[in-house]
Each structure stands twice: as structure tokens, then as C-alpha cells.
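Colleague: I have a model open and want to read it from the whole chain down to one side chain. Where do we begin?

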Amino acid sequence: MEKDKLIQLFNKMTLKEKVGQLVQVSPHFLEDSANDYLTGPLQHVTLSEGNRYTIGSAINTQTKAQAYEIQTRHLEKSRLKIPLLLMADVIHGYRTIFPIPLAIGASWDLEAAREIADLSALEASNEGIHVTFSPMVDLVRDPRWGRVLESTGEDPYLNSLFAAAFVKGYQGTDGLAADTGKLAACVKHFVGYGWSEAGRDYNRVDMSELELHQNHLPAYRAALDAGAKLVMTSFNVFNGIPATGNKTLLQEVLKKKLHFDGVIISDWDSVGELIPNGLAEDHKQAAELALQAGVDIDMMSFSYHHALEELAGENPDLSEKIDQAVWRVLTLKNELGLFENPYRGLSESQAVDTSKIRARARSLAGKTLVLLENNGRTLPLQQDAKIGLIGPFTNSHDVLGSWSLMGDKEASVTMMEGMKAYTQELQVAPTEKVDGITAAEWQTIHEVFATSEVLVLALGEKSRESGEGASKTAISLHPIQIQLLKEAKETGKKVVTVLFNGRPLDLREVQAYSDAVLEAWYPGTESGHAVADVLFGAVNPSGKLSMSFPYSTGQIPVYYNHIRTGRPLTEQTKGHQYVSHYLDAPNQPLYPFGYGKSYATFKMGEIKQHQNELAPESEIVFSGTLENSSAFDGQETIQLYIHDQVAEVARPVKELKAFTKVFVAAHSTERFTFKLTAADLSYIHADLSDWSDAGLFDVFIGTDSNAEKIGTFKLMD
């Protein structure tokens, strides 16, 4: 629709119709009945016939037929025929489920992330969805928080790259009106939600402005620079004020500093939650606070529905803000082409080839698995070996993970099914529960122990143990699983542990009782095939952790890029009392950021630093070789970190600044090159300005965040 026609439409709207555009409801309120998927307390509210057809958007329609039905009814009965905007939680797939985002982060593969978003958008748009509540770009460093599974990890730089890749995959490059196989991306949660105190969901967040700007905003900036159309507010309090009612956060930071002029939407009921937060005494005050802060759409609290008309009559300034919010919503609908094509995605004849998408899901999942241990080259498995498959995830379909709302669990491939495609020598001893084993199950387990040559244990968390509202204080496997693992080890046979989980775990006992450990996360619909591909060597694992795995829960938060201290623990100070250390545990995590093994044997050659000085408008180059001396083709992720020796504010001990994925054929050598500029060395200073200090920088290049120092260079004035 041309802008002048959109203005004409806007000018015809009544105040009630304008308010309706700022209200989002579940399909329950737009049809006679619907089996809603709810993520919070449902407000028992009914909409009158007059209000129902002013509503601007709906969340989580479940079928193509349902989307078509509510859009048709809405267009028939809406006075101005303004189409509904249909949004959904398309987080890591729609019908076909891909690995959870934390697993995608472990791929260190930006093209894989873009493709996953692209295929997810294709499936979702084909069922009438216009907007996805993704990507989540919260920086996460506390695995007790269940929603770490939705993030790509602990590093601002890596998160930023993935944020942009997801947005580009969802939205494409041809424009949302022209490309109806795409979705508008809503980046979330603004801001600091991943910093939840004690790892407890919905809890307070307290951080300095420096921390906010240095580590948390970069991924949002990257997503917005990539064109994300919407931003969702977070549940948490920030500087004492909930983000949904935080005018400074939304107006000064998001709109002015990040230059965002798109649609801001609340999270589920977070406008109404200003009341229990203690910022508002009723829905009227909550609505006023949220609107003044900059929230355009109220998701499922009905505060706007109940109060905005009255507030507009009392305060002309609020009436103007309503107009501005409505214009942003109408602009988004126009960018999606909904006025010309209200059945966008529903009426198109494009076919979605599920078999091809599932094939890609299998291949992409293989990139996300991380080989943590492989003692004595236990893996890959030999197809003619007598293999025992044991444990709660042996034949479990609980492999999709959280936020797989539209995925069909029963359509997922189990480990047993995946492994049977490779070997007939498979003996199976499944257990029904992750936290209990019956006497009959123990008997079967011991029989499999006795008759197998290699034992594969499929262990982990139930999917509901991670995700929203799934915080935990203990992040190790259930004791019954550790007992199972210990008894397997006592047989003297090779033990392979495959882990299904949505967060980093305390794996000390798993490490102790396993010869090989494969972190599978929740791999999605093609789970069993993807895992079997790696176990039997059809796919050489190449995943690298994007979030550190702690040595113990007491270390949390533990992450590679921590700030230096005045009394650091070093080789020289080891054993001293008055240094920054624990008496009962190492400072380092069990498995660090960037870590992951391969079946290939890689050896880094000498790395050359081509310059010793870096001029402001120049670049510094590092190059080296990577040799693969094994019989396996493999891909290694080489990582470059820096350390600013002297800065205006305390800087991390290491910072990831570049990485490259290098494929090396068996018995071959490949070269790699890195280039850094002065802009790569910039950081946020005390006055929140962003620039690079002149001075000395250490460089570390290796295959994880424990990379060794290879040189030092000087950034010139």
C-alpha cells in the first residue's frame, strides 16, 4: 500500500480501533475454541463482539486452517478490513525441529544458522505466520537459568554474528512483501534477561552501564543492523524498573543509541506484571507506564485493552503516543504486504518439501554435536561390534527441546532407530524415566552389559528441565544415571556417553566413568540419525562449545572472558593464599568455551605474525598451517583471541576477535589467515564511548579459549 493510502486508512480509524491494533491475544479470543499453548497465566478475559474485530495481532496459531479461519472472520467483520498480524514462537524450527539455539551456537557455523532460520521461516510462513519471536540474543553465563538453551552462548562477539545470521535467514534480502516465504524477526529480550540473579527465571538483574554497553548490547545492535523489524522487552527489572516500563532503557538506549524505529512488543503479560513488580497499582497505571516507555504492542495482559481509551481521553500526550504506536504497527503490516495479500503464505502455491527439510535438519544437526572426550579412540563405533544401547534416551522422542511448540514429538527419530540404520549388532535396554529404573529394567541392563562389547549410554535431562521457568540449583545428571554409568564402567568395557540436555552440566562424574562423551544437546526431529552419523563416523564431529561447562556449580558464573583481577592466579602465584582462587576447585571450567574434539588428528604449524605494529587505518596479518595426520577428513575451528595489556578500564583476560573454519582432508595440510584492524580492538570506555586504545596487545591463536600466546603487537596512535 502506498504511504498516502496508509495515511488515509489511519485517519479513518477510531480510538477504539487504534487501541485494538496495540493488543495481542491468543487464538482463543478470536474463535469459539482453541487449544492454546500458554507460557504464563492466562488472564480470564472475554472480548466483546465490538472489540474482537479491532484486535491487531494474534500469537501462536497452530494450523494453517486455524490461521485462515481467524483471518477470514476478522476481515469479514473488521470495519476497516485491517488484517491480523500473526506471530509465533518459531525458535529452532516450526514443524521440522532443528537443534536448540545453544547447539546452533556450538556449530560456530553462521551459514548453518542462516539456513536453519530460512527453512524455519519457509515452514512457518506456509501456515500463515508473519513474525517470529526470534532470535534471542541474551548473553548467558549462568547455566542454572533454563533459558540458556535459547541463546548462542557467553561471548558478545559470537552472539552478535549469530544474531545477524538468524535475522538474515528469517527475513531474506528481497523484502517481506515480495518474499512470502520469509518472516519478520523479533529480537529478544531487551535487555539483560540472561543476567538473572542466581539463575532464577524472572528474577532481578543488576549490572553497570559499562557491562550493558560492552557485553549485552552488541548482539542487539547486530540484529537491528541486519534489519530486525521488532524488539521484545524482557521480564526482568533493570536498574530498579521492569524493562517493559523502563523509559530510559527503551527510549534512550534502544531508540536513540541503537537507532531502532520499529515495533516494540511486550513479552507475555509483562505489561500486567508491572503490578506485582510494584510499579503500578492497577492495569491502568501499568498501561500508562508501558506506553510512555515505548511499548507498542501489549502481549496478553489486556492492560492496553482495558485502559488506553480512558487514558487517551485524560492525557493528549498519551493520545499522540497511541497514534505513533499504531503507525508503527500499520507500517509493519504494510512491509509484510498484508494489505494487498492478507492471506500471505496461506494462499501461495509454494510447496514445502518436508523430506528435503528433514534431510537438511539431519545434516545441520550433525554440525552442532560436540565431542568432549574420546579416550583411546573409542569413537567412531565399528558397525560389526556388539553394541549395547542403554538409558532413558535410548528410545525416547523427548529430543526436540523447549520451544518446539509445533513439532511432532512422535515424528522424531530416536537413538535406537538411528543406530539400527548402521548396525544389526545392537542390543537395547531402555529405561522409562530419567530419574528411576525398575527392577526389571536393571535386569535387562545387566544382561546387555554382559553380552555387549561396547556400551553406549543415552543420558540427560527431560526437555522440561530446561527452558522458560526451568531454573535449577543442581545441574548434574540425576544420581540414578550416574549409578548406571558407574556400573557400566565397572564392566571393564568401553563406555560411550551421549548427552541430551539444554544447558551446560556438571560432568565430572560423567567424565570419570566414560571413555567417550558426545554432547548432543536436543538435536531436533532428526535427532537419532544425526547422533548415529557421528557415533559411526559418517560425520566427523566439529562442534565447539559456545558456553563453558563448569567444574562445579559453585564456580558459576564461570566464563572464559572474565575481567582481570589485581591478584590473579598464575603459575607463579599457584599455592599462595592471597590470590583470586578457590580452596576446593580450580578457577577454570571443566570444558572451556571454544572446546571440542574431532576424530581427525590436527596439528597447528608455526604461526607467523606479519607485522609488529598496527596503524589506525591499516591491518595486521597472522597466518599459519593446520595439518591433519589422520585417516579422517575433518573441520577445525581456529580461534583468535586478544588481550589488551593496558586500558582505561579493566579488560578481559582474553577476547574472541576472529575465527575461521578450516576443512582439512586426511593426510593433508591447509593454510589459514587472520586480519585485524584497529576497529577490531575497540571497546566501551568509562564515558561509554567506543574506540581503540593505542598500546600493546597480546594475541592467542588455537582451537579453544585456552589458546596459547603467539605474539604481541602495538596499536599506534
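Modeller: Begin with the surface. The accessible surface of the protein is about 26800 Å², and 48% of that belongs to carbon and sulfur atoms. Areas come from the Shrake-Rupley method with a 1.4 Å probe; for residues, only the protein chains shown count as cover.

Colleague: What should I know about the source?

Modeller: This is a predicted model: local features need pLDDT of at least 70, side-chain atom pairs count only at pLDDT 80 or more, and totals for chains, interfaces and linings use all residues. Residues are numbered from 1 along each chain as its sequence is written, and side-chain values use heavy atoms, with hydrogens and water left out.

Colleague: What percentage of the 717 residues count as buried?

Modeller: Buried means under 20% relative accessible area, exposed over 50%, partly exposed in between (1.4 Å probe, protein chains only). Here 61% of the residues count as buried.

Colleague: Now one residue. Is S514 buried or exposed?

Modeller: S514 is buried, at 3% relative accessible area. Its place is the loop between α17 (508–512) and β16 (516–519). Helices (H or I, at least four residues) and strands (E, at least two) are DSSP runs, numbered from the N terminus.

Colleague: Which residues is S514 in contact with, leaving aside neighbours within four places in sequence?

Modeller: Contact means heavy atoms within 4.5 Å. For S514 the list is N375, L485, V495 and T497.

Colleague: What joins the side chains of S514 and T497?

Modeller: A polar contact of 2.7 Å. The term means a pair of N or O atoms within 3.5 Å; within protein, one must be able to donate a hydrogen and the other to accept it, and residues adjacent in sequence count only if both atoms are side-chain atoms. A polar atom of the S514 side chain also lies 2.6 Å from the backbone oxygen of V510.
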